[in-house]
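Notebook open, structure loaded. I wanted to look up a few local features and jot them down as I went.

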Amino acid sequence: PRAGRPNAVVELYVHDRQSGGRTKVDLGDNTDIYLARVNWSADGRTLYVQRQSRDQKTLDLLSVDPTTGASRVISTQRSDAWVALTNHFRALDNGDFIWSSEESGWRHLYLYNREGRRLRAITRGDWPVKSLDGVNQATGEVFFTASMRDGRELPIEQQLFRASLRRTMVPVAVTPEGGWWSASVNKTGTAYVGNYTDLNTPTQSALYRADGTFVRWIEENRLDADHPMYPYVSRRQTPTFGTLESDGETLVWQMTTPPGFDPSKTYPVVMQVYGGPGVGGGVRRSWQPATSQLLTEAGYIVFRLDNRGEGDRSAAFKQALYLKMGQPEITDQVLAADYLRTLPFVDDDRIAAMGWSYGGFMTLHMLTEPEMGLASAISGAPVTDWRLYDTHYTERYMSTPEANA
């Protein structure tokens, strides 16, 4: 359904595979809600349901008796903007569960008992947990990914960390720093498949023990003579990274110059942009896409800035665009264009932009924003009218056309 239009009415049932009977779950009297997540307790005696309000400012956790369908709210999260959904709910064998919240301003993991009473924080600090990857219930270890080093947010890198169910501790890095890690941890929390990339390493996949010890390759993706990128490796340019400040927030950027770069000359620039919420930022210490090399080979400087609203950062950073998509993001991209024009090797009159999806929406705004001064742009699959986009995505950030014309 388009923003502001009626949603489907969703019902939840528990099906008994032996008797064939079905029990309807009580989701409340209001049918204009989202059935966001459903999880079983470890013993199967409780069903946990996450129920989100239509305006997405309230997320209730319901405890359901699967034999009767009776439900009660045991925990609630609220926000003046929106409560983001995650896959961070994890039921434990002893009846406790893990769930995450952004109430501190940063997403962190918390331990609750079966009645929804919070027992303790598992993580804390001025950096966000990005995914809950696994739990070893025998040792009490909790594995998660975050963009953090030495207790400080570091958006351009990502690592796997471990914390504890039993006490709030300083997280310990499981994987080395310097690049971008993701992980799939096994059910017992004793091993994981780790995927790694950095500026000089195409994504590799391997099996590791829970302490980070390498076991064997799944896909080494070795950058040798048989690799399709090998003929171009000698001309790959290493990006430089930096920051800009905007409205009290630190924005990260990266810049890649052409082969044979001469700072005494001037070069055209292509600004690559996504700019929107819901995915990780594009500025990172990882293997760079072939498009970037195609452009640098053609003599362009490739530049990217993660504006406010983009990436897994603080709640305030993400919510800066609430009810005003296409405004703070463009302000930040103008800031980036102004910065580029201070560089003596940038051709001020030859700055372009390109983006896809939300990046297409951003590119159209950048193209029609006089302060950007773009020479040209490529907009792929743009959203051109939020009134025609879907309910759950659009209303999360923009409310409805009736409430926010």
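This is a predicted model: local features need pLDDT of at least 70, side-chain atom pairs count only at pLDDT 80 or more; totals for chains, interfaces and linings use all residues.

I got 14 residues for helix 3 and a reach of 20 Å from first C-alpha to last, close to the 20 Å expected at 1.5 Å a residue.

Next I checked burial along helix 3. Pro-328, Glu-329, Ile-330, Asp-332, Gln-333, Val-334, Ala-336, Ala-337 and Leu-340 came out buried.

What do the buried residues of helix 3 pack against? I found strand 21 (240-246), strand 22 (249-256), strand 23 (267-273), strand 24 (301-305), strand 25 (346-356) and helix 4 (358-368).

Then I picked Ser-246, which sits in strand 21. Buried or exposed, this Ser-246? Its relative accessible area is 8%, and the cut-off for buried is under 20%, so Ser-246 counts as buried. Skipping neighbours within four places in sequence, I see Ser-246 in contact with Leu-251, Arg-308, Asp-332 and Leu-335. With Arg-308 there is also a side-chain to side-chain polar contact of 3.5 Å.

Four strands make an open sheet in the order 3-4-5-6, paired antiparallel. Strand 3 (33-40) and strand 6 (71-78) are the edges with a single partner strand each, so one side of each has no neighbour in the sheet. On average, neighbouring strands here are turned by 25° against each other, direction ignored. I also looked at strand 5 (residues 58-64) against strand 6: antiparallel, over seven bridges. Leu-59 has Gln-77 in strand 6 as its bridge partner.

How values were computed. Residues are numbered from 1 along each chain as its sequence is written. Side-chain values use heavy atoms; hydrogens and water are left out. Two strands pair if DSSP finds at least two bridges between them. Helices (H or I, at least four residues) and strands (E, at least two) are DSSP runs, numbered from the N terminus. Axes are lines fitted to C-alpha atoms, for helices over the stretch in contact, and angles run from 0 to 180 degrees between N-to-C directions. The expected span of a helix is 1.5 Å times one less than its number of residues. Buried means under 20% relative accessible area, exposed over 50%, partly exposed in between (1.4 Å probe, protein chains only). Contact means heavy atoms within 4.5 Å. A polar contact is a pair of N or O atoms within 3.5 Å; within protein, one must be able to donate a hydrogen and the other to accept it, and residues adjacent in sequence count only if both atoms are side-chain atoms.
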